[in-house]
Amino acid sequence: MSGSDPGKLISKADNLTTLSLTRWSADWESATRLYEQAANGFRVSKDYENAKLAFEKASKGREMLSSPWDAAKSMESAAALAKELRNWTEVIDFYRKASELYMQCDRPQFASDSLAKAACAVEDALPSDAIKLYSDACVLLEDDRKEQMALDLYHAVTNIYVKLEKYTDAVAFLLKLGLAADKCNATNSQCKAYLSAVIVYLYAHDLKQAEKCYNDCSQIDAFLRSDQNRFAGKLLSAYKEGDVEEIKRVAQSRSITNLDSVIIKLARKLPTGDVAAFKTNAAIGEGEALDENDLK
Amino acid sequence: MTVIDILFRVDEICKKYDKYDPEKQREANAFLDDAFARLYSLVEADIEKALAVRFLFSYPFLFLFSFQTLIFQINYWNKMQKSDKVSTEKNRAAAVALSAEIRRIKARLMEEVPKLQKLAKKKVKGHSKEDHETRFDMVLALPDRIKAIPDGSTAAASESGGWGTSSSNKKVKFDSSEERFGSDFYQQTEESDQFRQEYEMRKMKQDEGLDVISEGLDTLKNIALDMNEEIDRQVPLMDEIETKVDKTTSDIRKNNVRLKKTITQIRSSRNFCIDIILLCIILGIAFYLYNALK
C-alpha cells in the first residue's frame with residue numbers, strides 16, 4: 001500500500017469518510033490510516049500543500065477516534081509543513097489547535113511547546129503575534145508550575161522586544177523572568193535578568209529609570225549578594241561620572257559575556273548618547289547638597 | 001697523672017693530716033672561742049673567692065697562690081679548653097651569670113657586716129685593746145672592700161660610650177661621625193634600586209598572571225552555575241520519565257507472562273498428540289479412499 005500513489009490514497013480515504021447512500025457511517029479508522037500514509041507520501045515527494053492537507057484530515061480523523069494526542073501530533077506536522085510554505089496564519093492556527101489538543105490530553109508542557117514553536121516560526125514575519133504566542137506559552141507553563149521551562153521563552157520575548165526597540169516592554173519581561181527564576185530558585189538566572197534590565201535601560205539612555213530599576217532590584221537578597229550587583233553598581237557609577245572610557249571598560253568585563261547574546265550586543269554598544277549630560281546633572285545635585293549644608 | 005689529680009691528692013692528704021698541723025689547730029681553736037674572728041674569717045674567705053672568680057674570668061691564664069683558687073682556676077681552664085669554640089654570646093652569658101653570682105655574694109656579705117660590727121664591739125678575753133680597735137677598723141674597711149669587688153656594673157667609668165660590661169659591645173658606637181655614612185651609603189642605594197625594580201617587575205607579572213587566572217575562574221563559575229540550573233531543570237523531567245518507564249516495564253512484564261502462558265498452552269504435549277492422531281486418521285482415510293477408488 002505504501003508504494004501506491006498518495007493521491008489515490010487520499011481519494012480512497014475521502015470515499016471512506018463521506019457519507020452516502022451506500023455508506024451509513026464513516027470508517028474513520030481506515031480513513032485516518034490512509035490519510036497518514038498519503039501525507040507521508042506527499043512529504044517524501046515534497047508536495048507540501050497536499051501533505052499539509054492530508055495531515056489536517058488525518059488529525060481530524062484521530063480526533064474523531066478520540067485520540068487527541070495523535071491528533072495533536074498530526075496537527076503539528078501539518079503546521080510544520082505550513083511553515084515550509086510560509087503560510088504564517090495557517091501556521092499559527094495549526095499550532096494553536098495542536099496546543100488545545102494537548103491541553104485536552106492534560107499535557108500543558110507540550111501545549112506550550114507547540115505555541116513556542118509557532119512563535120519561533122513567525123517571529124520574523126509577525127513579531128506581535130509571536131509575542132502573544134510566547135506569553136500564552138509562558139502562562140501555560142506557570143499554571144503548571146514549571147517556571148523553569150519558561151525562562152527560555154522569556155528570553156525570546158525580550159529579544160523580540162529589543163529588536164522592535166520597545167525597551168520598556170523588554171525590561172518588563174526581564175523582570176518577569178526574574179520573578180519566575182525566583183520562584184524556582186534559579187538565582188543565577190535571576191541576577192542575570194536584573195543586570196540585563198539595567199543594561200537595557202542604559203542602552204535606552206534612561207539613567208533615572210536604570211537607577212530606579214537597580215534600586216528596586218537591590219531589595220532582593222540574592223541579587224544584592226551577587227557579582228552582577230557589583231557590576232551594575234560599577235556601570236551606574238561610571239555613567240554618573242560621565243566617564244566614557246570607564247563605561248567601555250566596565251562593559252567589556254567578564255560578567256557581560258555570560259548574559260544573553262542580544263544583551264551582550266547592547267552592552268558592547270554602550271554608552272549611547274551623551275553621558276556628559278548625566279555628569280553635569282550629578283554635579284549639580286551634589287553642589288546643591290553642599291549649599292544646603294553651608295546654609296545650615 | 002695530671003696536675004689536677006696531684007692537686008686533689010695533695011688536698012686530701014692535707015685534710016687528713018690537718019689535725020697534726022699546729023698552726024691550723026691554733027687558728028681553729030682560737031676561732032672556736034671567738035665568734036667575731038670566725039665570722040670575719042668567713043667574710044674574708046668569701047671576698048677572696050669573689051675576687052678570684054672575677055679575676056679569673058677577666059684574666060683566665062694568670063695563676064694565683066691559694067689551693068682553692070688554683071683548683072678553681074684549673075677547672076675553669078679545663079672548661080675553657082673543652083668549650084674552646086664557645087661563641088662570644090655564651091661567654092657573655094657566662095659573664096653575666098658570674099656577675100650576678102658575685103653581686104649576690106656581695107649583698108650577702110653586706111648583710112654580715114652589721115653582725116661583725118656588733119661582735120667587734122663585744123669584749124673578748126685574751127685580746128688586747130689594740131686588737132679590739134684593729135678589729136673595729138677591719139670591720140669598717142669591710143664594706144669598702146666588698147663594694148670594690150668588680151661585678152660588671154661598677155666599671156662604668158672605664159668603658160667608652162657609657163654602656164655595657166662585656167667586650168663584644170665595643171664595636172657598637174652611637175656617636176660615630178657623618179663621614180662614615182658618606183660613600184658607603186650611596187653604593188647601597190644603587191643595588192637596592194635594582195633590587196626594587198626587579199621586585200616591582202615581578203610583582204607586576206604576578207598581578208597579570210593572577211588577573212588571567214581570575215578571569216578564567218569567573219568564566220568557569222558562570223558555566224558551572226548555568227550547568228547547575230540546567231540540571232535542576234532536567235531533574236523533574238527525569239523523574240517523570242522514570243515513573244513512565246517503570247509503568248511501561250511492569251506492563252511489559254505482565255504481558256510477557258501472559259504470552260508465555262498462552263504459548264505453553266498452545267504448545268502443550270496434549271494438543272500435540274491430538275494433532276498427530278488426527279493427522280494419522282486423516283492420512284488413513286485418504287489412503288482408504290485412494291485404495292477404494294483405484
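Is E240(B) buried, partly exposed or exposed? In this predicted model, E240(B) is partly exposed, with a relative accessible area of 31%. Salt bridges that share partners join E240(B) with D144(A), K146(A) and K244(B) into one network.

**The salt bridges**

The structure holds 25 salt bridges over all chains, and four salt bridges are found across the interface of chain A and chain B.

| Pair | N to O distance |
|---|---|
| E240(B) and K146(A) | 3.8 Å |
| R233(B) and D152(A) | 2.8 Å |
| K244(B) and E240(B) | 4.0 Å |
| D136(A) and K132(A) | 3.5 Å |

Side chains of opposite charge can pair when their charged atoms come close. R233(B) and D152(A) meet in a salt bridge, and because R233(B) lies in helix α7 (residues 182-266) of chain B while D152(A) lies in helix α8 of chain A, the pair joins two chains. R233(B) is buried, with a relative accessible area of 11%, whereas D152(A) is partly exposed at 43% relative accessibility.

K244(B) and E240(B) both lie in helix α7 of chain B, four residues apart, which is about one turn of the helix, and K244(B) is partly exposed at 41% relative accessibility. In chain A, D136(A) and K132(A) are four residues apart in helix α7 (residues 127-143) and are therefore separated by about one helical turn; D136(A) is partly exposed with a relative accessible area of 23%, and K132(A) is partly exposed with one of 47%. An α-helix has 3.6 residues a turn, so residues three or four places apart point the same way.

**The interface of chain A and chain B**

Chain A and chain B bury about 1,300 Å² between them, with 36% of that area on carbon and sulfur atoms. Q148(A), N188(A) and R254(A) supply 42% of the area that chain A buries against chain B, more than any other three residues. The contact takes 15 residues from chain A and 13 residues from chain B, and seven residue pairs across the interface are in polar contact. On the side of chain A that touches chain B, the elements giving two or more residues are α8 (147-163), α10 (187-203) and α13 of chain A, and α10(A) gives the most, with four residues.

**Inside chain A**

The secondary structure of chain A comes to 17 helices and zero strands, and buried residues make up 45% of its 296 residues. Among contacts in chain A with a separation of 6 or more, 54% come from residues 24 or more positions apart.

Helix α14 (residues 244-251) of chain A has I247(A), V250(A) and A251(A) as its buried residues. Seen down the axis of α14(A), these buried residues fall within an arc of 95°, so they line one face of the helix. They pack against α13 (227-241), α15 (254-257) and α16 (261-269) of chain A, while E245(A) and R249(A) are exposed on the other side of α14(A).

Helix α5 (residues 88-104) of chain A contains S99(A), which is buried with a relative accessible area of 7%. Neighbours within four places in sequence left aside, S99(A) is in contact with A111(A), S114(A) and L115(A).

**Annotated segments of chain B**

An unreviewed UniProt entry lists residues 56-77 and 272-290 of chain B under "transmembrane region". Over residues 272-290, chain B is 100% helix and 0% strand, and the end C-alpha atoms are 27 Å apart.

Technical notes
Residues are numbered from 1 along each chain as its sequence is written. Chains are lettered from A and ligands numbered from 1 in the order in which they are written. This is a predicted model: local features need pLDDT of at least 70, side-chain atom pairs count only at pLDDT 80 or more; totals for chains, interfaces and linings use all residues. Side-chain values use heavy atoms; hydrogens and water are left out. UniProt positions are given in the numbering used here, feature names are shortened, and annotations may be inferred rather than shown by experiment. Buried means under 20% relative accessible area, exposed over 50%, partly exposed in between (1.4 Å probe, protein chains only). The arc is that of the directions from the helix axis to the C-beta atoms. Contact means heavy atoms within 4.5 Å. Buried area is the accessible area (1.4 Å probe) that two parts lose on being put together, summed over both. A salt bridge is a side-chain nitrogen of Lys or Arg within 4 Å of a carboxyl oxygen of Asp or Glu. A polar contact is a pair of N or O atoms within 3.5 Å; within protein, one must be able to donate a hydrogen and the other to accept it, and residues adjacent in sequence count only if both atoms are side-chain atoms.
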